[in-house]
Amino acid sequence: MTDNTPDIPLGSWLADLPDERLIRLLELRPDLAQPPPGSIAALAARAQARQSVKAATDELDFLRLAVLDALLVLQADSMPVPTPKLLALIGERAPEADVVGALDDLRERALAWGDAALRVAPDAGTALPWYPGQVTLEDASRTGEEIGGLIDDLNQAQLDVLEKLLEGSPMGRTRDAAPGAPADRPVPQLLAMGLLRRVDAETVILPRHVGQVLRGEQPGPRQLTAPDPVVSTTTTDDVDAAAAGATIDLLRELDVLIETLAAAPVSELRSGGLGIRDVKRLSKMTGIDESRLGLILEVAAAAGLIASGMPDPEPATGDGPYWAPTVATDRFAALPTAERWQLLAGSWLDLPSRPALIGTRSPDAKPYGALTDALYSTAAPLDRRLLLGMLAQLPPGAGVDAVEASAALIWRRPRWAKRLQPGPVADLLAESHALGLVGRGALSNPGRALLDDGADAQAAIDAMARALPKPIDHFLVQADLTVVVPGPLHRDLAEQLAAVATVESAGTAMVYRVSEQTIRHALDVGKTRDWMHALFAKHSKTPVPQGLTYLIDDVARRHGQLRIGMAASFVRCEDPALLAQAVAAPATEGVQLRALAPTVAVSPAPIGEVLVALRAAGFAPAAEDSTGAIVDVRPRGARVATPQQRRPYRPMPRPNSESLNAVVAVLRKVTAAPFGNIRVDPAVTMSLLQRAAKEQDTLVIGYLDAAGVATQRVVSPITIRGGQLTAFDSASGRLRDFAIHRITSVVSANGR
């Protein structure tokens, strides 16, 4: 630096910027405009505040933070640093064009200012995720394995030194840092191994990569150029096919979960949610892996498909409230497959919790349960969008794995490094695959459409509809009474097959099994022998096995010989001996069957209980209505009211261009005449407000709230009545009332 290098304050530098640059600054750092600053000087002071600087660096990548780190090494927080000096310090670690681009971005954010020479805020060092200089002055030649090997061989005294620096500041003062210190002491030994770095004769610093290894993290980033996370390449059709298959599996498992909870709602814990034992029990009942079940529970709750409440009908056992399906599930079940996927995937994308934690233990050793507040995380949606956003920028079909994706994400957001380690990223990738957003490690076309905030939901639905295999209208009946379905069936056909067969093996090609029990179930719900024969004859691409035909005829012949009526209740049978056997059976004692005639018996128990008792006794009864037609009297699944959906997490909205133009216009006026001097009396205020309401003008008003705090508001007046101004407030995005006597100043935001 030469003596004649000017030291320009940030306020002066900002004042010389064109309006477009100031507006861009307020777009990149919205906290600077809320509430609007009173002057350029106030804007500069706010831009250098510690919290604002920290917020502004949150979205910076490793290169930009490394450039900021280099500026701090050159003491740009206290004096101007010529640009060539910065470029010389970084050297060949990054292309000069990239460094210049990073500098331009830092200037746009007012994190650095100046042209030929650069300055940064005094508190810029506190915004770095490391101690200033730990990137610029660090030796990045050793790998994490090499550092870990050295740490494993340390004695306790040496480990104590590293642990102390890890827990507090990485800077430590000790006389042992001097070059001539005894070589048998821990600090000189650690310096010799490179696990500490000497700052001066009395100061050492813990290198950044050593600290990361001690915390169990992958050391990095190691280079100023962005890493390439691509580990595989495939076709987009292959990616979409994998995503579509995952979607089919997810929806099938969700249907199983909803059916299970409808039949047996689960009591909620006193602390909320479901306990680990409940999740394990549900996993056994549904056949869904526990970790996958946790994800489905969280997504189903976020989509409003399950909720906690008092279901109808209310369970006979347990204490409420219960987790059960909501009434919205009936409408959800009728939606096309692509629309069902879009609801689930969109709910997961904005889900403010981390399902992967379910079953693991918190720092206080307590296990994380499903659907509990302990899983809550406002950062979870940010991490998902960061991962999917990175995948969206890769060539179509380019796949990643957890390790390489983690390294790329940490390079993009070093401040988020703890959340973006390979383990959490692997969880995010697994969930993305399960939701059909990612296939073969690459972003699917439906996932890309869902991620596009500018597109509507229909675009994602259409993309998934194109990816899903076309529904088929046939299956293959095997000699062992299994039914192979080589693709997704039309919904009506799938429901018909499910009425007479049960799923034996799930997947893209599902396998159903027909048995005596499944045929009896079909007869119980009103299906006939002829209907079943017609179903298999029409839709089977293979000849219907003779064994299946005989089985249907045999079960149908025996089914319904005992007839249970709707009167609470009667049993009729054309075979007096069979009825007498049913009345005398020990299993029917609980329903108190009593014969009224050789072919009729009655019971005080409800029809459902009589059905259960007779089936337990080995009979195959059928229920009938008053006309004698067979009806399905199975209890309907439990339902709870659909709760009001929690608003999805959204980051603080960016101020609109109109309000930012107004703020900058006022700043320009205040620079020439301080805002506090533009005062008006109430009569003039009323006149200005009425004219603005009539002409639909935007104003910047000075306002004293009830506590006497002075603020500035960008408002669009609507009406003036009874000493109150009703106006649209740009900062809050809604209509607000202002007491006119508290308005201290009025300035047109449009310069009129």
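Modeller: Before we start, a residue is called buried when its relative accessible area is under 20%, exposed when over 50%, and partly exposed in between, using a 1.4 Å probe and protein chains only. This is a predicted model, in which local features need pLDDT of at least 70 and side-chain atom pairs count only at pLDDT 80 or more, while totals for chains, interfaces and linings use all residues. Residues are numbered from 1 along each chain as its sequence is written, and side-chain values use heavy atoms, with hydrogens and water left out.

Biologist: OK, so is Ser540 buried or exposed?

Modeller: Ser540 has a relative accessible area of 11%, so Ser540 is buried.

Biologist: And where is Ser540 found?

Modeller: Ser540 lies in the loop between α24 (529-539) and α25, where helices are DSSP runs of H or I with at least four residues, numbered from the N terminus.

Biologist: Which residues does Ser540 touch, not counting those up to four places away in sequence?

Modeller: Those are Phe475, Leu476 and Val477, where contact means heavy atoms within 4.5 Å. Phe475 is 65 residues from Ser540 in sequence, yet their C-alpha atoms are 5.0 Å apart in space.

Biologist: Switching to helices, at what angle do α23 and α25 pack?

Modeller: Helix α23 (residues 516-524) packs with helix α25 (residues 546-558) at about 55°, and their axes, lines fitted to C-alpha atoms over the stretch in contact, are 10 Å apart.

Biologist: Which residues of α23 meet α25 there?

Modeller: Glu516, Ile519, Arg520 and Leu523 in α23 do, and their partners in α25 are Leu551, Ile552, Val555, Ala556 and Arg558.

Technical notes:
Axes are lines fitted to C-alpha atoms, for helices over the stretch in contact, and angles run from 0 to 180 degrees between N-to-C directions. Helices (H or I, at least four residues) and strands (E, at least two) are DSSP runs, numbered from the N terminus.
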